[in-house]
Amino acid sequence: MSANDDEMSDFEKRTRALLEESVSRTDGRIRSRLNQARHAALAQLQPARRRPFWRSFTLAPAAGVVAAVVLAVVLWAPRPGQLLPGAQGPASAVEDLDLVADGETFDLIEQEDGGFYEWAVAQADAPPEATT
Amino acid sequence: MSAFATLASVYNTPVAMHGDVDQTDSNINARSRALNQFLAGVELKAFKIAQSALRHEHDALDAVQDAMLQLTRAYSDRPAEEWRPLFYRILENRIRDMQRRRTVRGRIMAWLPAHRDEDDEEAADPISQAPSDEITPARRMELDEAMSALERALQDLPNRQRQAFLLRNLEGLDVAAVATAMGCSEGSVKTHHFRALKALRARLGEFST
């Protein structure tokens, strides 16, 4: 029995070597198609990247609040051409600062048109009946 | 004729719950790598086994692809040690289905006029049939003769004997794994394998390679 087993093993080894040689000689076209098949099969394992529909609603309240705040700011904020009464805007504030910083302006008031400015101040301080 | 390399929908897999996404992706990538390695290791032998049983290249490719798809879809979560017998079990079932379908188709076609098989034209292309490695012409002829004799002898074996022989002697599965792949007892595997060897030895003699 053992002799028969050894003889059989040799036969099996030869057939196996022949079959493996046959496998190794598989042409490139078949190898390529098997490779494509393998990748098509493995593509099934990749997780779906789509968000489930119910998750798209979880941030809806926060998004609504943000949208309402933005809308309120847009509606209530003053536009560039609609300044509040008495406000002169940033440009006039800079001009006022220039006037204060300019020493020559006070010289003019004292030397040339001092009488006019004194009259203007008196008119502004006087009661309404006196100005008319 | 086939839907070979048809890309399966990627939306068939369940979606991971939030919080587990990174862990799940990591597991999927590891499993995908392991399956890729496994399938790359068995695909050529599986093709040879399918081709020996079906005697048709495209059908053999279809059978192997179907086995790959089904293993990945249904059994990728199983331990890697179980993949090989499961894969060959699926492949053998697919081969049997194709053989049955071919029998039915053959009966139908026998009633129709003769037609030209486009696959045969493609198979006759000498460039596509060229072997991938370089060996001497004399050695190639010797191997070709031996392979042809062995393939003819294998094709003449009963299905179960051929299956047992190829799973044991080409794929190298042990008796238990072959039994799982064939869906029978280990005793049946030993019987089929013994009879296959006896028939092959009687047919081929002590050929040398």
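How many Å should the 19 residues of helix α8 (residues 186-204) of chain B span?

## Helix α8 of chain B

At 1.5 Å a residue, α8(B) should span 27 Å, and its end C-alpha atoms are 27 Å apart, which agrees. The expected span is 1.5 Å times one less than the number of residues. Helices here are DSSP runs (H or I, at least four residues), as strands are (E, at least two), numbered from the N terminus.

B:V189, B:H192, B:H193, B:A196 and B:L200 of α8(B) are buried. They cover an arc of only 95° around the axis, so they sit on the same side of α8(B); the arc is that of the directions from the helix axis to the C-beta atoms. B:G187, B:K198 and B:A202, on the other side, are exposed. A buried residue has 20 or more other C-beta atoms within 10 Å of its own, an exposed one 12 or fewer, and a partly exposed one a count in between, with C-beta atoms placed from the backbone. After α8(B) comes B:G205, with a positive phi near 70°.

## About the model

The model is predicted: local features need pLDDT of at least 70 and side-chain atom pairs pLDDT 80 or more, while totals for chains, interfaces and linings use all residues. Residues are numbered from 1 along each chain as its sequence is written, and chains are lettered from A and ligands numbered from 1 in the order in which they are written.

## Chain A

Chain A has seven helices and zero strands. Of its 132 residues, 8% count as buried.
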